[in-house]
There are 2 protein chains.
Amino acid sequence: MTLKHLFSLPNDIVYLCGHSLGPMPKMAALCLQEGLHHWEQNLVGAWHDWIDLPKQLGSKIALLIGSSPNEVIVCDSTSINLMKLLLSAIPLNPNRNIILTEQGNFPADLYIADSVACLQNKTVKAVSPDAIVEAMDEQVAVLMLTHVNYRTSFKYDMAKINRKAKALGILTLWDLSHSVGIMPLDCSKFEVDFAVGCTYKYLNGGPGAPSFLYVHQKHLNQIPAIRGWMGHKTPFTFSPHYESANGITAYLTGTPNILSMKALEGALHVFEKVDLAALQEKSTALSSYLIAQCQQYLPDLMLASPFSSAQRGSHVAFSHPHAYAISRAMIAKGVIMDYREPNLMRFGLSPLYVDFADIEKTMEIFREVVQKKLYDLPHFEKKLKVT
Amino acid sequence: MTLKHLFSLPNDIVYLCGHSLGPMPKMAALCLQEGLHHWEQNLVGAWHDWIDLPKQLGSKIALLIGSSPNEVIVCDSTSINLMKLLLSAIPLNPNRNIILTEQGNFPADLYIADSVACLQNKTVKAVSPDAIVEAMDEQVAVLMLTHVNYRTSFKYDMAKINRKAKALGILTLWDLSHSVGIMPLDCSKFEVDFAVGCTYKYLNGGPGAPSFLYVHQKHLNQIPAIRGWMGHKTPFTFSPHYESANGITAYLTGTPNILSMKALEGALHVFEKVDLAALQEKSTALSSYLIAQCQQYLPDLMLASPFSSAQRGSHVAFSHPHAYAISRAMIAKGVIMDYREPNLMRFGLSPLYVDFADIEKTMEIFREVVQKKLYDLPHFEKKLKVT
């Protein structure tokens, strides 16, 4: 299965940074043009078609995370959504004081958890991934984890963790940024309480595309902590008194960002005929092949990702003392991958458009660069890197 | 002065809803195309050019609000920015418990103030516009006002209010959504502490375009209440420990929404050669002319805006028992204006592209519709209206 033809990718590169910013789906450009034209021609009247976009896109993402369509909505950034959900979750466990998370969680998530903890007089307890299960106890109000780690690609066993959380009365808040769009997810089946996720990585929604948030239907009768205009039952009566919209719409705050949402709408078309189980199968086949090739030909590399494909997302990380210089050399030769401090090279193998020929080409260049030390050049100096 | 040629407006209409959604500047479409092309061709590498956009756009808006370039940044929605600033402002006045605002403030602002008050155990005191000055006392932590009222167009005397606020140790937080881009503003001169504003109204940034926030430089050494990844000193070292960026950048949270920001970038080009004092002069001339014409020819209308142009923004509101039906009839005849519950018609006279010929045409149709009661038709039934 390859859907590469649905993307507009430059011919001369191998793109292995879809875990950071997905490439442009052709439909994303078309839908964005349509939105632009609608603005131009119909001005404020176009809002009749736009006002339901956050829910419409949410219901498409619901299919990717195994939830009901009415549990997901698209709005704001992942950080802001995380904040909104943490603020709403904490009062549901009023006698507990701890937000439990992982030390190595994406830093944005840690900063938001700390911000919320300060505001709510709670404590963030951050432990190593293998200490999470043990740290779950009846002091924990909310367990906030990222399903697939942004550095190592380590994937938590969501079923097992949610089972224990439920038994202990802990609310779960999963960040699905590095797992949505590459594997089946089961928010309903595992009774996930809350979730957020990024749409500009494997969903290819465009740079800084709006995020999504999910709330299990059992919590949808609660009024959100942050109450916004667009989450009002009847926003256009402009009442000074807040009355919550029904369901997930209550989690909207300000005016939806339409141009970015139109690009995302186009990007989500790509997933309409995708079998997520087959997508995951291809993802693990690609990453297992890359790992096997590296072990055979580049034994000095250290695999920084789990060896077992059952424990991985769709990127693979290797460490090397010259990781930064190597990654610059790879990019200069047309293999677009990335580097993470202090010594990590990440290869994002988005199964929608990466194929085995890409892995072959990557290995050819990777072997050449590492074995011939083509990276050891003075102009590969370290400078600010951007994801 | 007219800059109508810089906008792509349909030929056959008079557009008087720029107070709700500005029309498409031609440069907005061009800059958005450029952003789309950059994504397509340079993928994740394009971030080198994008990463500073929030500050670059902020420094352009600073010129419009009379502040230093390093006090303004573009991010999130107006509601979210209001929340971020309220949460950051309240601890600066730790022994005070009141957020003072106006009953008739834009409902989104009231809902956010209530949300923050609940989280921080504070009280929102909402009074009528003429009771604001009297209600200012040493119990008030933050005075949160919208400079120009979204319904009536009533404009506060910012100089006078800020002078009193300063004398009483009250922090000011102004919502400039209905005043930015139509008149000179003086945040530095009046020592405004905090401000937010919308960019999709008179700044014409596109549907749901990102908002801006302003923080007076004397507060820029404070760490924001909501600490995000993009507000970190060195986000790309991915440290688990938050260290605040210098200056206004600290108020960023998640990844900037690039496609929408590119459209806004184009929209702000329009203002590069605009003299704001001349713009305001044209704005008041337009609105005074519309008011005078209505008083002469449509004496049954009630002016719901201040008669004195010194107290008005750039829209004018009239009340009429059949306001909704009249507004539908006007729109059907090509004059795009809007209606607000329960009986208000709003005419937004954005001086960049509205001219006296537009007012003439509006009056011709307005007189015809009202005098001949062309609005009294069964198909103008009331339904959901969208701003």
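**Figure 1. A:Ser244 is buried, at 17% relative accessibility.** Buried means under 20% relative accessible area, exposed over 50% and partly exposed in between, with a 1.4 Å probe and protein chains only. A:Ser244 belongs to the loop between strand S10 (211–215) and helix H8 (258–269) of chain A. Helices (H or I, at least four residues) and strands (E, at least two) are DSSP runs numbered from the N terminus. Leaving aside residues up to four places away in sequence, A:Ser244 touches A:Ile223, A:Pro224, A:Gly231, A:His232, A:Lys233 and A:Ala250; contact means heavy atoms within 4.5 Å.

This is a predicted model, in which local features need pLDDT of at least 70 and side-chain atom pairs count only at pLDDT 80 or more, while totals for chains, interfaces and linings use all residues. Residues are numbered from 1 along each chain as its sequence is written, chains are lettered from A and ligands numbered from 1 in the order in which they are written, and side-chain values use heavy atoms, with hydrogens and water left out.

**Figure 2. Chain B is superposed on chain A by a rotation of 180° with 0.0 Å of shift along its axis (RMSD 0.0 Å).** That is the relation of a two-fold axis. In chain B, the C-alpha nearest the axis belongs to B:Ser260, 2.9 Å from it. Both copies use the same surface, since 100% of the contact residues of chain B recur in chain A. The superposition is by least squares on the C-alpha atoms of residues with pLDDT of at least 70 in both copies.

**Figure 3. A:Phe238 and B:Tyr150 form a tilted aromatic pair, 5.5 Å centre to centre with 40° between the planes.** Rings of Phe, Tyr and Trp (its six-membered ring) pair if their centres lie within 6.5 Å; planes under 30 degrees apart count as stacked, over 60 as edge-to-face and the rest as tilted. This pair crosses between chains, from the loop between S10 and H8 of chain A to the loop between strand S7 (140–146) and helix H7 (158–168) of chain B. A:Phe238 is buried at 7% relative accessible area, and B:Tyr150 is buried at 4%.

**Figure 4. A:Phe318 and A:Phe347 form an edge-to-face pair, 6.0 Å centre to centre with 75° between the planes.** A:Phe318 lies in strand S12 (residues 315–319) and A:Phe347 in strand S15 (residues 344–348) of chain A, so the pair ties together parts 29 residues apart in sequence. A:Phe318 is buried at 2% relative accessibility, and A:Phe347 is buried at 0%.
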